[in-house]
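Dear colleague,

I am passing on the structure we spoke of, with the sequence alongside. Please open it first, and then read the notes that follow.

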Amino acid sequence: MSDTTTLRTVVAEALGSAVTDLRRVAGGDLNDAYAARLADGRVVFVKTSADAAQGTYAAEAAGLRWIASAAGAPAVPEVLGVIDPPGRDGEPRLLALSWVEPGRLSSAGAETLGQGLAALHRAGAPGYCVSPPGAASGLRIGPLELPAGSPATWAEAYGTLRLQPLAHRAASSGALPPDGLAAVERVCERLPELAGPAEPPARLHGDLWSGNVLANTDGMPYLIDPAAYGGHREIDLAMLRLFGGPGERCFSAYAEAFPLADGHEERVELWQLFPLLVHAVLFGAGYGERVAAIARRYAG
């Protein structure tokens, strides 16, 4: 959002205090992000985008609250304000959160993260691919919206509500080669045998790459930018390994608190197909080639 005067006004109205300073900060690929200092002394994080689809920030806020409601889960920023109207009418969409002064994840923080993720997953969900209370059904990741549903098994949910919609979209844009699409389809057919032992739906962060783990100045973890839903707990852990994770101390602490089923090591790339397909749709064929290579291995 380029009109910072409008943004200052909207933030002040939402939070009940004038904005005395507003500066841009890092906020990912899809949003403009700001640190806003308020007249009452608070510093808050504000994210906004001129292209944000209706429901995007409401879903993120619902996910943060869902995570926060799980006893023992990692900390999340407090939701201070959400403006996500169904119609534009010239009003910006934004999410305002408590500010977390960034630091570096410590060894103790990595262990706390693993233990906290175990607690989050144990908190459970009403069903596979079910959204948090207060969020619209379906899953929104940036500009992408995936279909809603509550299949009886994780294999069905992962295939029909996650892999197939994204694979077809990636193939139609040329980001996934035809043989890659065929391999993903074959993986979906084989999911009942590939997905491992049945487990109840876990409460997932849903977009848990390392960039969405923020450490504070004490080295303790905060989870940000969730795309939360009910699913298989291994998918959060697999994504956390995808782009450089927090280290083995985190995963060891998780396994001690909530042991994983046999064969989980062999399923890591199976679960990574989902975030890689998201990246293929959003960012192009380089990720599509990686999807195709992994899918061929699991296609049998």
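A salt bridge is counted here when a side-chain nitrogen of Lys or Arg lies within 4 Å of a carboxyl oxygen of Asp or Glu, and in this model, which is predicted, the count by that rule comes to 15 salt bridges.

One of them joins K47 to E60, with the closest N and O atoms 3.0 Å apart; K47 sits in strand β3 and E60 in helix α2, 13 residues apart, and both residues are buried. K47 also forms a salt bridge with D225, where the closest N and O atoms are 2.8 Å apart, and this pair links parts of the chain separated by 178 residues, since D225 lies in the loop between β10 and β11. K47 counts as buried because its relative accessibility is 4%, whereas D225, at 24%, counts as partly exposed.

Another salt bridge pairs D84 with R93, the closest N and O atoms being 3.3 Å apart. D84 is buried, with a relative accessible area of 12%, and R93 counts as buried at 4% relative accessibility. Through shared partners, salt bridges join K47, E60 and D225 into one network.

Lastly, E265, in the loop between α7 and α8, counts as exposed because its relative accessibility is 54%.

Key:
Residues numbered from 1 in each chain as written. Predicted model: local features only at pLDDT ≥ 70, side-chain atom pairs only at ≥ 80, totals over all residues. Heavy atoms only, no water. Helix = DSSP H or I, 4+ residues; strand = E, 2+ residues; numbered from the N terminus. Buried < 20%, exposed > 50% of the residue type's maximum accessible area, 1.4 Å probe, protein only.
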